[in-house]
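Let's walk through this protein together, one question at a time. Keep the picture handy as you read.

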Amino acid sequence: MIVKSEQYYFKLKMKTNLVKTIALFITIAVFGCSKTVEPTPSISLFDDAEEALSGGITTVKDATSAAFGLPTPNLSTESMAKHLLGDAGVGATFVPAPALINPGLGPLFNNNSCTSCHQRDGRGRPPLEGEELNTMLFRISMAGTDEHGGPKAVPLFGLQAQHKAIFGKLPEMEFDITYTEQTENFADGEKTFLRKPNNKIINPYLPIPAGMLLSARVTTPFIGLGLLEALEDKTITDLADENDRNGDGISGKANYVWDIKAQKNTLGKYGWKASQPTLLQQSAAAFEGDMGITSSLFPDENSLGQIQDVLPHTPEISDEKLDQIKHYIATLGVPARRNVQDAQVKQGRVLFIQANCNSCHVMKLKTGNLAGLPEVSNQYIRPFTDLLLHDMGEGLTDNRPDFKATATEWRTAPLWGIGLTKIVNGHTFFLHDGRARNLTEAILWHGGEGQKSKDSFKKMAKTEREAMVKFLESL
């Protein structure tokens with residue numbers, strides 16, 4: 001078994017006695033969870049220590065490839081034990097039933113473990129030339145809505161395209177992704193190139209219905225998701241300005257989506273269009289959609305056109321294990337900011353605010369009380385998001401509505417940890433489909449409500465643009 005950093009286990013021993021620690025190691029070994037990390041470098045004292053603590057007390061001062069996979073430092077012994085059980089579940093590789101360990105994969109799926117998509121608990125990317133989809137998937141739907149106001153499922157295909165299948169079944173479809181380049185000019189005469197994806201369906205197992213809507217999505221980091229769940233609804237809705245009453249061109253709105261447990265539409269927080277209301281439902285939906293693993297929340301198989309002969313069965317993942325996995329994700333620490341004393345970083349912070357980027361990427365919020373998770377409750381956090389939907393213009397449209405989100409509207413992506421993407425995941429592909437190859441390109445794709453901020457960035461001198469990117473890399 002490949003283990004985490006020495007710092008991780010030092011923290012663990014501080015939280016648990018030796019007997020419990022050995023028992024938990026055995027549990028992890030049984031589930032087969034492992035991560036590769038480098039030694040933790042020292043992180044200098046911060047000029048503004050409070051601002052550097054992105055996750056409040058849940059912040060971890062680690063800037064290695066393990067930065068997204070460490071527990072919050074304030075876990076109780078009991079909470080740490082549950083965190084490690086959830087860690088084992090996230091790292092588990094599922095196989096088709098019947099099997100003694102981790103059965104239930106498929107019949108159709110996109111991947112066979114959580115960590116296959118969320119590598120090192122981090123950010124996915126589109127496939128490189130010659131690769132198959134690995135940390136990216138495609139949402140699908142038809143025009144119109146379902147009975148709850150959500151996307152309308154595609155007959156015999158559902159709401160997500162599965163490009164893998166167990167023996168004896170056929171993948172629903174495969175994809176070919178190419179790019180068209182376009183030029184973007186800065187005011188100082190420098191230019192750069194943006195790439196627009198062209199997504200083509202190939203080898204569908206059944207004819208694709210006319211008018212099917214298709215939206216590419218890369219996986220997002222796990223960090224801070226418990227803190228986002230702890231944000232009270234009012235904290236988010238108070239930031240909304242759907243009719244732009246203040247005239248600043250920013251008109252964020254909340255998405256309201258179907259909550260299965262509550263049996264009503266509630267505030268959406270998770271996903272690229274804020275289409276899931278809770279971390280538990282988000283996790284269960286990923287098991288069903290990504291791996292074909294049913295639960296009490298999603299009891300039906302996802303392979304609608306190929307399993308007419310399958311009888312009803314008990315959930316393939318238990319409520320207990322699903323709760324452990326949710327707990328693990330909710331109690332991951334948020335990496336501290338780096339280089340906050342750097343003059344260029346400070347300049348970039350000023351430019352970020354002057355360009356009004358902080359109107360959507362809200363820099364500071366406070367969590368409320370989250371039942372069962374005191375670790376993430378009542379924390380001042382710096383997620384750089386308002387969790388609201390914003391019109392990002394036709395350039396980023398996916399032509400696919402999702403509850404109250406229109407085709408051009410996307411949830412403001414949290415920016416905490418974004419500067420560690422290269423270290424943790426080995427790439428710098430950003431936005432919902434990974435089209436942006438770096439942070440500069442991500443900014444230049446902003447349209448709609450983000451157009452003025454983009455224009456401000458384009459008018460900056462090269463040294464100012466570099467400073468703003470340097471600031472983002474410190475997050």
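Q: What is the volume of the second largest pocket?
A: Keep in mind that this is a predicted model, and that the volume here is a computed one. For the second largest pocket it comes to about 350 Å³.

Q: Which residues lining the second largest pocket are the closest to its centre?
A: There are 20 residues in the lining. By class they are nine nonpolar, four polar and seven charged. The ones closest to the centre are Glu229, Asp259, Pro277, Thr278 and Leu370.

Q: Which helix gives the most to the lining of the second largest pocket?
A: Start with the elements that each supply at least two residues: helix 6 (225-230), strand 11 (264-267) and helix 8 (279-291). One of them gives the most, with three residues, and that's helix 8.

Q: At what angle do helix 8 and helix 9 pack?
A: Two packed helices are described by the angle between their axes and the distance between the axes. Helix 9 covers residues 319-330, and its axis lies 9 Å from that of helix 8. Helix 8 passes helix 9 in a right-handed crossing. As for the angle, it's about 115°.

Q: Which residues of helix 9 meet helix 8?
A: By class, this contact has eight nonpolar, one polar and one charged residues. On the helix 8 side you'll find Leu279, Leu280, Ser283, Ala284 and Phe287. Across from them, helix 9 brings Leu322, Ile325, Lys326, Ile329 and Ala330.

Q: Which residues lie nearest the centre of the largest cavity?
A: Rolling a probe the size of a water molecule over the atoms shows where empty space is left. The count is three cavities of 30 Å³ or more, and the largest has a volume of about 570 Å³. Its lining has 30 residues, divided into 18 nonpolar, eight polar and four charged. Nearest its centre lie His361, Met392, Leu415, Leu431 and His446.

Q: Which helix gives the most to the lining of the largest cavity?
A: Strand 16 (409-411), helix 12 (439-444), helix 13 (451-459) and helix 14 (462-473) each supply at least two residues. The one that gives the most, with three residues, is helix 12.

Q: What is the phi of Asp121?
A: Most residues other than glycine have a negative phi, and most peptide bonds are trans. Asp121 is found in the loop between helix 5 (114-117) and strand 3 (136-145). Its phi is positive, near 65°.

Terms used
Residues are numbered from 1 along each chain as its sequence is written. This is a predicted model: local features need pLDDT of at least 70, side-chain atom pairs count only at pLDDT 80 or more; totals for chains, interfaces and linings use all residues. Side-chain values use heavy atoms; hydrogens and water are left out. On a 1 Å grid over the protein atoms alone, a cavity is a set of points where a 1.4 Å probe fits but cannot get out, and a pocket is an open set with protein on both sides within 12 Å along at least five of seven lines; lining residues have an atom within 4 Å of a point. Grid points are joined across faces, edges and corners, and a volume is the space filled by probe spheres set on the points. Helices (H or I, at least four residues) and strands (E, at least two) are DSSP runs, numbered from the N terminus. Ala, Val, Leu, Ile, Met, Phe, Trp, Tyr, Cys and Pro count as nonpolar, Asp, Glu, Lys and Arg as charged, and the others, Gly among them, as polar. Axes are lines fitted to C-alpha atoms, for helices over the stretch in contact, and angles run from 0 to 180 degrees between N-to-C directions. A crossing is left-handed if the near helix is turned anticlockwise from the far one by less than a right angle, and right-handed if clockwise. Contact means heavy atoms within 4.5 Å.
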